[in-house]
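Biologist: Hi! Could you walk me through this one?
Modeller: Happy to, let's have a look together.
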Amino acid sequence: MQSINSATSRVISSAKVRPTLIGLKGIALGIGIVGSAAFGFKACGIADTFLLFPYHNDSRHLSSRVFDFFTMLGRTLFVPGLTEEVFWRVALTPNPIADGSRGFSKLRLVLLLNTMFALYHLIPVLGAEKLGWMIPPGAPTVFSDPSFLALAFVLGNACSFSYHVSFYGLYAPVLVHAVTVAFWLDACGGEKVLRGES
């Protein structure tokens, strides 16, 4: 019961944090970290199964592309942004504001949580269909790709970094996660890959 109360306290505390300039810089840096890792993976040819940038098969007009991206961002703000970050970053990671502890949580805990976060993406591969969950046809291939799991680990750490820099505000990791996933799904062909169309 104590751990549930602590997690609830962390969620409430993090939801009350207002955006700051340093928090916004943390968001930009978090997105930059994931983008740099993705670009590096793509340049090395190890993310070709799920990263299709530059996405040449996009014949949409620029205004349509911008509208589609913001529509996708609206979707990813809630799932996976808010839903996953409330659990993985806020509820599970101790913070000095809600817990009264000193300093940021131990690096080992953050790395362990982000390893678990990356491995949690294997659920579609490990039998979500047997559980009756509807998953896109391309999800098992994407989520079992070691380079995808490595990028999920990088994303988790970028979200943890932005969470810490924003003084434990929920908004920061949610935005890092949502923008990164929306960009992958819309601009890098991720949605088509998940649907099995590429």
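Biologist: Which side chain meets R89 in a salt bridge?
Modeller: The side chain of E85 does, at 2.6 Å from N to O. A salt bridge here is a side-chain nitrogen of Lys or Arg within 4 Å of a carboxyl oxygen of Asp or Glu. Before we go on, this is a predicted model, where local features need pLDDT of at least 70, side-chain atom pairs count only at pLDDT 80 or more, and totals for chains, interfaces and linings use all residues. Residues are numbered from 1 along each chain as its sequence is written, and side-chain values use heavy atoms, leaving out hydrogens and water.
Biologist: Why are R89 and E85 separated by about one helical turn?
Modeller: Because they are four residues apart in helix α3. Helices are DSSP runs (H or I, at least four residues), numbered from the N terminus.
Biologist: Is E85 buried or exposed?
Modeller: E85 is buried, because its relative accessibility is 0%. Buried means under 20% relative accessible area, exposed over 50%, and partly exposed in between (1.4 Å probe, protein chains only). R89 is buried too, at 1%.
Biologist: Where does helix α3 bend?
Modeller: At E85, by about 45°. That bend is the angle between axes fitted to the seven residues ending there and the seven starting there.
Biologist: New topic: how many salt bridges does a search of the whole structure find?
Modeller: Five. One of them joins K42 and D48, with the closest N and O atoms 3.0 Å apart. D48 is partly exposed, at 41%.
Biologist: And what does R195 pair with in a salt bridge?
Modeller: With E197, at 2.9 Å from N to O. Salt bridges with shared partners link R75, E191, R195 and E197 into one network.

Technical notes. Helices (H or I, at least four residues) and strands (E, at least two) are DSSP runs, numbered from the N terminus.
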